[in-house]
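I opened this notebook page to record what I looked up in the structure. The entries follow the interface and then a sheet.

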Amino acid sequence: MLTSRQFPINFRTTDKMRTEMWRAAHRLISHRSKNLCDPRWNPNFHNAIHSYSSGFTYNFGRTCKPFNPYLRRQGSDVQICIYPTRDYIENLHGSTELCYGKSFRIQNRFYGSATTKIQRNPIFSTINSDDINHFREILGEKNVIQDEDRLSAANMDWLGKYKGSSKLLLQPRSTKEVSQILKYCNSRCLAVVPQGGNTGLVGGSVPVFDEVIINIGSMNNIISFDKVSSILVCEAGCILENLISFLDNQGFIMPLDLGAKGSCQIGGNISTNAGGLRLVRYGSLHGNVLGLEAVLANGTVLDMLGTLRKDNTGYDLKHLFIGSEGSLGVVTKVSILTPPKLSSVNVAFLACKDYLSCQKLLLEAKRKLGEILSAFEFIDNQSFNVVLNHLEGARNPLPPSMHNFYVLIETTGSDESYDKEKLEAFLLHSMEGGLVSDGVLAQDINQASSFWHIREGIPESIMKAGAVYKYDLSIPVEKMYDLVEEMRVRLGHSAKVMGYGHLGDSNLHLNISTPQYDDAILAQIEPFVYEWTSKHHGSISAEHGMGLMKANKIHYSKSAETASLVQLMASIKKLLDPNGILNPYKVLPGSLASSS
Amino acid sequence: MKIMVAIKRVVDYAVKIRVKSDKSGVETSNVKMSMNPFCEIGLEEALRIKESGLASEVIAVSVGPSQCVDTLRTGLAMGADRAIHVEASATLYPLSVAKLLKALADVEKPGLLILGKQAIDDDCNQTGQMVAGLLNWPQGTFASKVVLDKEKEVATVEREVDGGLETLCLDLPAVITTDLRLNQPRYATLPNIMKAKSKVIKKFTPQELNVDIKSDLEVIQVTEPPKRKAGVIVSSVDELIDKLKNEAHVI
C-alpha cells in the first residue's frame, strides 16, 4: 500500500494534491498490473521471455535482479530475465506522465533538431470515426487500440528520443488483415508505420506525426521447420529469442544474434537488414533469407516465400524489401536458412594495450582461427567503465587493472577439444607476441554468458548514464578508432565519447554520452561525424538503418557523383508506394520521397 | 598444510538436459561438460586459503573417465598446484567416490578436504558426508563462510541451514562442503592457463588404491518429469466448481 511518505513531495499536502497523488498511484498500480500480468495489454508481452513470473520486482529505472541461477536446476522451467526486455522499458516511458520524474534515470527528452524541421505532409488524411469503424470490422474490437497508455508506449522509441502522436494502433493477426488495412489506408491516403519490437535506434519504428501504427506482434506463429534443409518459415511477428529457443530444441540456431533479441521481431530484423554479433561468421540477412511475403501499400500481397536454396528465375525482388525499413512494403512472413547448432562454443575476453594491437589481433584471428571464428567484438576503456558502473550483474573478468581496449572472441565448432586447443594456441601465441596483454577463457557456459552480458549490455548501460547520441558507422578498420579520438579532442570535457562494436565487420558504434541532451553539443557532433565518415568512404549507417534520424543524410554515403542512385531509389519507392503512405519522412530525403 | 579439493565433471549447468530415448540415463554425448559449480566454489575457497598463507599446496582430485583430465586442467588453470585423476569408466556412486577419496586422503594426508555440497547431475549431497564418516573427520557441510586458525588447528565454518546460519568449530583435519554463497570463483586467465600446461596430473586406478568400486545401486529407468499442462480458463463459477469436484477431486 503506497503511503504519502513514498512520494517525493512535501508531507504537508493539500486535499487536492492528495487526490492527485492517489489518482497517480492508482493509475500507476493499474498500469503496472495490467502491463505485467495481462498479456493482452502489451503487444509484445505474450511472447517476450517470461521474466515477470520469477520473483521480479517492479523497480523504476532499474533492471530486474539476476535470478538465482542454481534454483533453475530444481525443476522449475522458468526462463531467467537477464536483460530487461525492451517492452519493459517502453512501459516505463508510458508512466513518465506521472510524478515520479526523479526516479527515472532514463532520459526521455524529446530529441529536438531532426524532427522540428519536418512538417506534416498535408496530403495525408487524418483518422475519423468511419475509419475506426472500418478497422473494427476488419480486425475486431480488441485489435483496434486507441487507449492512451498503450499508444503512448507504441509512440515512443526504445531510446526515448522520438515520440510520435499517433491516435491509432492496429494489431492484425494475418496477412489478409494486413492487406485489407493497407488497401483501405491507401484509398484514404492515411499514412502508416509498420512496427515490430520497436527496438530500432534511428526512430524508424515510431510515427513522426499521427501515422497509424500497424503492429505485427500478433502474427507470431512458426509455420514450419524442415530439419533436412534447415529452413525455418515463420510469421514476421516472431520474437527473435523465441525463434532461437525453438531452433535450439531442433539443434539449429538463427543466423543473426543481437542484444535486443528479447524483444525484436524477425520482420523488423529483416526490414532493417539487421547485422548483429555473428555477421562475421554467418553473413548478412541478404544471404540467409530465402524468401519472404510482403504486402505493398495498396494491399497487394507479394508471395516471394520460396524455400529454395537456389532459384534464379527472374529478378530477386525480396532483396528490395530486406533493409527497406518498411518503406516499400510490410513484411509478413519469412523463410530463413538456419545454421546447425554446433556444440563447441568458446569465448575469450582479452585486453589489448592499443588499437593497433586490436587490428593485428583481428587479422591473426581470421587466419589462425579461420573457420571456427564466430564473433569478434571490441570494447574501449570508457564503454567498459560505463558497463561496470551501470549494468547490474556485470563483473570485471580482468581485475584489478583497467586496460585500454578489450576484445571478445567467440569460436563455434563441432569438436570441443580441437577447438579449445586451437583457441588456446592462438591466444598464447598472441600473448607471447605482445598483441594481448591479459585475458581470460570461459570455462563453462555461465562464464561465457557473463562475458557476452558485458558486451550486450553496453547500449543499456550508456542509456542509464544519461543522454546519448548514437552513431553506427562502417569505417575501414585502420581508421576506425581515429574518429573516436578526434571526437574526444573535439568535445573535451563536455561529453564522454565511447567506441565499441563489431571489429570483425569494420562496424563502429560511436556513442557520446552527456548528462542531458544539448543542442550545442549536437552541433559539435553533427555533421562532423558524417563528413568524417564520408571523407573516408565509409557508411553513415552500417546496420541500424536510416530511419528518421538520418533520412536526409543519405548523400554522405551516396555522394553527389552517385546522386542518380538515390533518384533510382526514389523511383522504386514511387512505383511500389505511389501515395507514399508507408513509413513517410524516413529513409530517403524528404525532397525526393514526397509524392507531390 | 595441504588442501585437497574434489571436483566432478558434469553436464554444464546451462545446457538443456535430454533423457536418452532408451530411458537408461541422460544424454551426455555431444553435450558440453564442465566443472560442477559447487566444486568450482570449493576450489576457489582452497585457493583463497592458500593465498592468505595458511596452506602450502592445493591438490585437485577427480574420479571418472579419461575426459576428466579437461576438468582438472581447468582446475590447474584456476591455480591448483597439482592434480590427481583416478581413472574409472563405470558410473560411480557417492559411496565408491567416498572410498576412493579416503584412500587418497590416506596417501596425501591433507589438512582440509573440500568438496562441493552436491553435484548438479545427480544432486546426491552424500559424498562429503560419507568421506567424513569413513575418515572419521569432523565435517562442516553447506559452508557459506570458512575461517581457518592455523595455531589452534581449527576451522570455523558458518553453515546455511533451514533455520538460518549455524556456526561450527571443527578440529583439523576436517571435511568441508561448499554452498553457493561461499565465494565467486575466479576466471582462468591466460597466463595461468599457460602455467597449467606444465603442472602434473598423477594417475591412479581404483585397484592401485585397493578400493572396491562395485556399487550396490543400479539405475533402472530415467524419465522426464510430466510436462506442465496448460491452464484452462473457465467461463463461470459453476464450471469452476464442477471442474474442482469432478476433475481435480479437491472438493
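How much area is buried between chain A and chain B? I noted about 3000 Å², of which carbon and sulfur atoms give 55%; buried area is the accessible area (1.4 Å probe) that two parts lose on being put together, summed over both.

I recorded that this is a predicted model, in which local features need pLDDT of at least 70, side-chain atom pairs count only at pLDDT 80 or more, and totals for chains, interfaces and linings use all residues. Residues are numbered from 1 along each chain as its sequence is written, chains are lettered from A and ligands numbered from 1 in the order in which they are written, and side-chain values use heavy atoms, with hydrogens and water left out.

**Interface.** I found 31 residues from chain A and 29 residues from chain B in the contact (heavy atoms within 4.5 Å). I looked up the salt bridges (a side-chain nitrogen of Lys or Arg within 4 Å of a carboxyl oxygen of Asp or Glu) and found two between the chains. One pairs the side chains of B:Lys32 and A:Glu416 at 3.4 Å, N to O.

**Sheet in chain A.** I traced an open sheet of five strands with antiparallel pairing, in the order E5-E6-E9-E7-E8. Its edge strands are E5 (222–226) and E8 (301–304).

Methods. Pairing = 2+ DSSP bridges. Helix = DSSP H or I, 4+ residues; strand = E, 2+ residues; numbered from the N terminus.
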